[in-house]
Amino acid sequence: MKKTFYSLSLGVACLASASVSAQNGLRAVQPATQQLAGRGCASMEVLNDQLASDPTLAQRMAAIESQTARFVADPVAKRTTAAVTIPVVVHVLYNTTAQNVSDAQVQAQLDVLNQDFAKTNSDASLVPAAFAGLAANTNVQFALAKRTPTGGATNGIIHKYTRTSSWSSNDAVKNSKRGGDDAWDATKYLNIWVCNLGQGLLGYAQFPGGSAATDGVVILYSSLPGGSAAPYNKGRTATHEVGHYLNLRHIWGDASCGNDLVSDTPTQQTSNYGCPTFPKVTCSNGPNGDMFMNYMDYTDDACMYMFSAGQSSRMNALFATGGARAGLATSNGATAPLVAGTTAESMKLYPNPASDQVSIRTAMDTPASNWTARVYDLRGYEMKQTRTSDNGTLDVSSLPAGFYQVVLTDGVNVQHQRFQKQ
């Protein structure tokens, strides 16, 4: 077993099946029946590009590694880790009917994620006896969002037509101005973009610490369960990429006999493809050899079926105090919004427009002291610099001029108002 070093590892390319850099632009749409040459994942290329363009990212990732090391070294913290359900919004970007995957297929993908991360997948029994004791329930689950960032009801799935026939890993799919769809608040939702990826790519993810505007996972539409990207059509591409999103590296450490920062995954020489025969010994890791059935290798969907306990601890660190994705653990994105009761008093905001303070008033024009407010811009991002006082006054002095959405609640009823900041 390898020793874990908590330092920032840049690694090497993981785009095994693409001969051209993933940043070179868009490519033609792949035929629906085309079989991919190998599992293509651009997560490390994306990370390396982000590190090159943002000098502060390395510092943020180093801080995440330090917090992870403290968590992993604390047996009490690991033992008391509570289960986390992550709200998910799926952005389906389609140019053809085939690319517009159904809501049922999206739900099937969520089911695969939940089974794989809970070790309830039907093929978990195939883990070799040598590794069976390391196979882990990660305590991470996923639910389609029921509440939008502004408090409205949703089914967590967005279908959007695009004129773009094929996407690369340049994050254009995450930008509505470039034909994609903007991310929801990344501190409260896991954004998954389902689209037609070119260049032999099955998917890519952003590691913790990157920009909120591009945070999330991108997967090839035909890799969803029942899709046409055999042998990568059982939903394990999403499992692999969400693993990256939750701070897991490729199991071979993106180097010859490299380090994936996890202590219980055997060191292996490089990525595995297809369905290797156990044991496959490399890097003097006998007698058990490579853990090629791990979700963070490159084997076929049907031949990967486990996370290790060490990988689970690494993911759980993100949700602990000070963790890079702790906001997901407290998000209400997977909770349906309350419907205002028929007897609830209608609220109003005064003055509107306002420059410094807004009063939350009842229909009788009295201060609504038992109501609190959250303010969002028109893109759905919460303006946390605002605050509600005990007398029902909302301080908006620090907001830039513009229009905003206010979600009011008394703990039972929810109302939506809009106001202008001058």
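Which residue forms a salt bridge with D116? Select R236, whose closest nitrogen and oxygen atoms to D116 are 2.9 Å apart; a salt bridge here is a side-chain nitrogen of Lys or Arg within 4 Å of a carboxyl oxygen of Asp or Glu. This is a predicted model, in which local features need pLDDT of at least 70 and side-chain atom pairs count only at pLDDT 80 or more, while totals for chains, interfaces and linings use all residues. Residues are numbered from 1 along each chain as its sequence is written, and side-chain values use heavy atoms, with hydrogens and water left out.

R236 lies in helix α6 and D116 in helix α4 (residues 103-118), so the pair ties together parts that are 120 residues apart in sequence; helices (H or I, at least four residues) and strands (E, at least two) are DSSP runs, numbered from the N terminus. R236 is buried at 5% relative accessibility, and D116 is buried at 2%, where buried means under 20% relative accessible area, with a 1.4 Å probe and protein chains only.

D123 sits in the loop between α4 and α5 (129-132), so its pairing with R236 in helix α6 joins parts 113 residues apart in sequence. Together, D116, D123 and R236 are linked in a network of salt bridges.

Then move to K174 and D171, whose side chains meet in a salt bridge (2.9 Å, N to O); K174 is buried at 4% relative accessibility, and D171 is buried at 13%.

Finally, select helix α1 (residues 43-53), where the buried residues include M44, V46 and L51.

Conventions: Buried < 20%, exposed > 50% of the residue type's maximum accessible area, 1.4 Å probe, protein only.
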